[in-house]
Amino acid sequence: MKNIFALAIFAALVTVCQAEVDPNAANSVNIDHNNPKLNTPLLFVKRHNYVGLHIYDTFYKWRPGGGIYVLENPADSPENHKIRAVIDPSTTETLGEGMYSHPDLSWDAKKLLFCFKKSPNDGTSIYEIGVDGKGLREITDCNSNFCNQYKGVGKGNHDVMPAYLPDGRIVFTSTRYSGLVPCANNGVNILHVMNADGTNIHPISVNNVNEFDPSILPDGRILFGRWEYIDKNALTIQSAWTVFPDGTNETALFANNLVFPEATLQLKPVPNAPHLVCATFAKHNAPPRGSIAMFDIRKGKNDTDAIVNFEHQNLPTTDVGESCDPYPLSENLVIYSGQAAKGQKNAIMFVNRDGKKTALLADLNIDLHNPIPIEPRTIPPTLVDQTKPKEITGDFFVQDVYAGMPDVKRGTIKWLRVIEETSRISPSPGPTILNQTFLVSAALAFSSKNYLGVVPVEKDGSAYFTVPSGKAVYFQLLDENYKLVRSMRTFVQAANGTTRSCFGCHEYTPPTKETARKGTGTARKLQPESWGSGFIDYPSMIQPILNKNCVNCHGGETGIASGLDLTGGWTEYFNNSYENLVSRREVIYTAPLIGGIDCMNGTAHWSSQIFNAYQHGSGKSPLANILITGHENRLPKLTKEERELMLAWIDSNGLYYGTWNYTKHGYVIPRWQKLKSDLIGVMKGSGCVQCHGDEKGNIRRFEPDWINLERPELSRILRAPLKIDRAKNTSEGFGLEFCRAGKVDQNWQRLRMVTNSSYAHQVLALERFSKQTWRNWDKDTQKTGEPITTFTSIADPNYQKMLQLIEVARRDILEKPRIDMPEAVSVGGQFRQIIPTPLPDKNINFTAQIDQNSNVILQWEHSANTYGLTFNVFRNDKLIAQTTAFQFLDKEPETGINKYSLVLENNGKINKPQRIEITVPTKTTITATSQY
């Protein structure tokens, strides 16, 4: 039986559980808030301020100088201050010149943890030393090998932000697992725990982006900042969370759906006020400095009335400034690092609740940081470890999925889906596009998603199920048609050997006092959906469904019904059908056809909100309704598996590339802009400027689906002005006669991924973004006048010029194909596996076939059971490939019988080979495959 704990019960601890307070703590400061004096020695750090772009990559920077010091008599006047070095280049026990940072004082105030970086390309390691400057010891060595080879920007592995746990162990954040930030390609540092001597280092978080500044609450929980953006923007959600030291019960504490402050950093509990937390409110694209504030966790988790901003009394969510490293002395007074006057070095300061600031200590040559009064503190209780480290799964028990959704009729939710948000460790194959260093979507989802499976929801609304450990997972609720009712848009983990219980999937208010109950019976195993499990890749899995069921009407040879092109013609980044389905149409912050949530930073006011039932995804998607109703009997060949796969793709929030696989050529068509420019030149020579040109004769509106690089003759730019061949002679082209007389609105677009042709990185009010009225497709050409047929036949010289430009571009592009193009040589991408995917206990599907060029196409099962494994491919007992992709194109098979073997591998373990043979024929003969 797994250990069981209840979310709501433990979340309530912060308001009811207080450790005994040290009776001497109140004497550490003279509580005259207008003229405070500290009556105990003060630990602090001399170091230069971080200068850079982000709050989360400070450990890559190099600004050496300073050390760790003690101000022995802070209550005396500045001229009498006595400062002693604990460790710097001049002390007896020293690490020399470098960067000293992140001190944390032991509970008995006799020793401290700190971080040190020796050179620009070194890692950052954790050390301990006595407050008296003796007993220096290294705890971690970040210049040794770690779990994964780091493939991001910056140098070194980094252990940072340590804090003493009540039992003597240490919590810290580390980049050891080498995940990469999706929007910047920096290393991801997440919570880890280790013994006091540096042994038994292990992560207690599964985040795919960074975490910040762990400290300990009076009840023993870890308080920390957590960044996340599962179908949210990449900028604004760095909020306050808590977690147990064993990694269980991670719980949002404050601001997980607030746009401002963008980040809550350097969180600390407030002495004698367990309902208050002190923080630095900071910008994301800035150094980790801003404004000092407190928030009251007895109020709503996203209630700005809970905030008191010490520096901006009337603007509580303000997150700008030069202040940082707050250490609350009481609910009315904070000591921190800040500027006494604009432009000066950061000094040690006091600020009270009324905003009055008092300087304590300054240095003209270097900034001062991390003030910590040197006094013993009461040790919080040690929370018992609930996990069983040898187990690789955990259970969840949701008591009632309808909790928090009173408008959803009971009995209508049939399934609970579990999805993993994966963390990339593969390198980026190209430049940053749409704020993604590895392009996966049109500013919608930011990471590959691993569909782990579904479980039925019981009649009483409960769900009890088992999930693999070591994964960042979130849940989706589905109705009987597999339409999305609601999605979490945050993540949890299945801690090893535990059962996590909650009242419902959407707990946004302060903790409830309901009594948690345990799941009865045996937890259900996740089962594949009708289409399977694992990743969903649009080009290889969704486009074939559209080709089979939709393209005949929408973009194929017979026309482009409703102006909706669903062909797979490649665009600069994606393809025609994808860009049509994820187009923003009227407003920029939603993709209406799929109910998609725009996750551009600028539209954070939309994506950060809490969505209720049926407000996004397939629950709101017109495309989903068409798939379910059959589109007025226009989809007779659409299978249940295809329909439910399409719905599941919609609920990925519009991923295009479903995996981290890539080619060495990247994901951008490099000559796209030149092709576009050349085609506009031919348009001008064809007289199109009369309608398409602005007052200066420039053609500014050019939509990506005007070009079809997969089948050039289906390009809209060729078909729209081409006379319809009444005899249906396909050799004469595929004319549409779409063009009509009249000026084209240069500012109106059918297809929009971003606003004003650029990605908005900073948050804007939604009304700042342009809007347009969507124009329903006019089926009656008489309403808009007679067609203009610029091309009376395909023999027109300008038609031929355009066609040739597109055909030449196609040939050039296919010589260096990206991953969604034919004969692309895939580089298998990898994602972080804290607990490696176990090898399947039975054979997987393994097939071979021969293409028209006598190449052998090997394919094998892609599912949640195989995603993350490495596949070794042998031909006639010779290793010819090692990949994490799910297929391999053998371009050099031998003539005659070829015997292939597939060996699965992960974390040094391999399974027995699976074998298949195929006869490679002459160009005119193909022999079917057989297993042996």
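Q: At roughly what angle do the axes of helix H6 (residues 622-629) and H7 cross, and within what distance do they come?
A: Two packed helices are described by the angle between their axes and the distance between the axes. In this predicted model, whose local features need pLDDT of at least 70 and whose side-chain atom pairs count only at pLDDT 80 or more, totals for chains, interfaces and linings use all residues. Residues are numbered from 1 along each chain as its sequence is written, and side-chain values use heavy atoms, without hydrogens or water. The axes of H6 and H7 cross at roughly 170 degrees and come within 10 Å (lines fitted to C-alpha atoms over the stretch in contact, with angles from 0 to 180 degrees between N-to-C directions). H6 is therefore roughly antiparallel to H7 (an angle over 145 degrees).

Q: Which residues of H6 and H7 make the contact?
A: H6 contributes Leu623, Ala624, Leu627 and Ile628, while H7 contributes Arg643, Met646, Leu647, Trp649 and Ile650 (contact means heavy atoms within 4.5 Å). By class, eight of these residues are nonpolar, none is polar and one is charged (Ala, Val, Leu, Ile, Met, Phe, Trp, Tyr, Cys and Pro are nonpolar, Asp, Glu, Lys and Arg charged, and the others, Gly among them, polar).

Q: How do helix H8 (residues 672-685) and helix H11 (residues 797-815) pack, and what makes the contact?
A: Their axes lie 10 Å apart at an angle of about 175 degrees, and H8 and H11 are therefore roughly antiparallel to each other. On H8 the contact includes Leu675, Asp678 and Leu679, and on H11 it includes Asn798, Lys801 and Met802. Eight nonpolar, two polar and two charged residues make up the contact of H8 with H11.

Q: How is the aromatic pair of tyrosine 578 and tryptophan 649 arranged?
A: The rule counts 41 aromatic pairs (ring centres of Phe, Tyr and Trp, the last by its six-membered ring, within 6.5 Å; planes under 30 degrees apart are stacked, over 60 edge-to-face and the rest tilted). Tyrosine 578 and tryptophan 649 are edge-to-face, with 6.5 Å centre to centre and 65 degrees between the planes. Tyrosine 578 lies in helix H4 (residues 576-581) and tryptophan 649 in helix H7 (residues 640-650), so the pair ties together parts that are 71 residues apart in sequence.

Q: Where in the backbone is the cis peptide bond, and which residue has a positive phi although it is not a glycine?
A: The cis bond joins phenylalanine 260 and proline 261, with omega about 0 degrees, and proline 261 sits in the loop between strand S18 (251-254) and strand S19 (263-270) (strands are DSSP E runs of at least two residues, helices H or I runs of at least four, numbered from the N terminus). Aspartate 325 has the positive phi, about 50 degrees, and belongs to strand S23 (residues 324-330).

Key:
Parallel < 35°, antiparallel > 145°, perpendicular 65-115°, else oblique.
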